[in-house]
Amino acid sequence: LILYNDWFSHRNLKRQPIDYDIISYRNEKENVILESSYLHNTVHIHCVIFVKKAKNAIAIRDTWGRHCNNLVLFSTENITEVSVIQLKAKSSWQYLCDIIRYLWRSYGTDLHWVLFTPDDVYVVPENLRHYVAYLDYNKTHYLGDDVTFWGQL
């Protein structure tokens, strides 16, 4: 949180309390920018969902998925209830590589941060934005648990 607050203040941004009625009933001419809106426009998060169940994908799309800058649903199954990109892969590694290739071809330099998650997880993208805002997305970062493959870390 300290690093985020430093990042925030270095952008010459200031926080101030605001009446909920002003947020709810504000006139578009009013010069009020919410911190959440600023972060959404500044820290882009592409959410990639590994879909197994259509009902989970629909729930994500209708709830927390709206807070992602882009929501992309992938599956190895033919799911028709929601717009899902179906990929046939021989292994989970090939599946992940095919998804990354798709993202790079589709979004290229617009990719800032990518969140990969299965369809049975609830995510709060705003919390992730706070966590990565001060990091340079042009540099390599791995945020997650360390995994050991074949004795290598």
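This is a predicted model: local features need pLDDT of at least 70, side-chain atom pairs count only at pLDDT 80 or more; totals for chains, interfaces and linings use all residues.
Which residue's side chain does the side chain of Asp-98 meet in a polar contact of 2.5 Å?

View 1. Asp-98 is a residue of helix H5, and its side chain is joined to the side chain of Arg-101 by the polar contact of 2.5 Å. The relative accessibility of Asp-98 is 17%, and Asp-98 therefore counts as buried, since the limit for a buried residue is under 20% relative accessible area. When the neighbours within four places in sequence are set aside, the residues in contact with Asp-98 are Leu-87, Lys-88 and Ala-89.

**View 2**

**View 3. The pairing of strands S1 and S4.** Strand S1, made up of residues 45–50, runs in the parallel sense with S4, and the two are paired over six bridges. Within this pairing, Cys-47 has Leu-115 of S4 as its bridge partner.

**View 4. The largest pocket and its lining.** The largest pocket holds about 1,200 Å³ of space. Its lining consists of 32 residues, of which Ile-100, Val-114, Phe-116, His-141 and Tyr-142 are the closest to the centre of the pocket. Two or more lining residues come from each of helix H5 (92–107), strand S4 (113–118) and helix H6 (125–132). The element that gives the most to this lining is H5, which supplies eight residues. Sorted by class, the residues that line the largest pocket are 21 nonpolar, eight polar and three charged.

**View 5. The second largest pocket and its lining.** For the second largest pocket the volume is about 440 Å³. The residues that line this pocket include Phe-8, Leu-13, Lys-14, Arg-15, Gln-16 and Ile-18, and also among them are Asn-31, Val-32, Ile-33, Leu-34, Glu-35 and Tyr-38. By class, the lining of the second largest pocket divides into seven nonpolar, two polar and three charged residues.

How values were computed: Residues are numbered from 1 along each chain as its sequence is written. Side-chain values use heavy atoms; hydrogens and water are left out. On a 1 Å grid over the protein atoms alone, a cavity is a set of points where a 1.4 Å probe fits but cannot get out, and a pocket is an open set with protein on both sides within 12 Å along at least five of seven lines; lining residues have an atom within 4 Å of a point. Grid points are joined across faces, edges and corners, and a volume is the space filled by probe spheres set on the points. Helices (H or I, at least four residues) and strands (E, at least two) are DSSP runs, numbered from the N terminus. Ala, Val, Leu, Ile, Met, Phe, Trp, Tyr, Cys and Pro count as nonpolar, Asp, Glu, Lys and Arg as charged, and the others, Gly among them, as polar. Buried means under 20% relative accessible area, exposed over 50%, partly exposed in between (1.4 Å probe, protein chains only). A polar contact is a pair of N or O atoms within 3.5 Å; within protein, one must be able to donate a hydrogen and the other to accept it, and residues adjacent in sequence count only if both atoms are side-chain atoms. Contact means heavy atoms within 4.5 Å. Two strands pair if DSSP finds at least two bridges between them.
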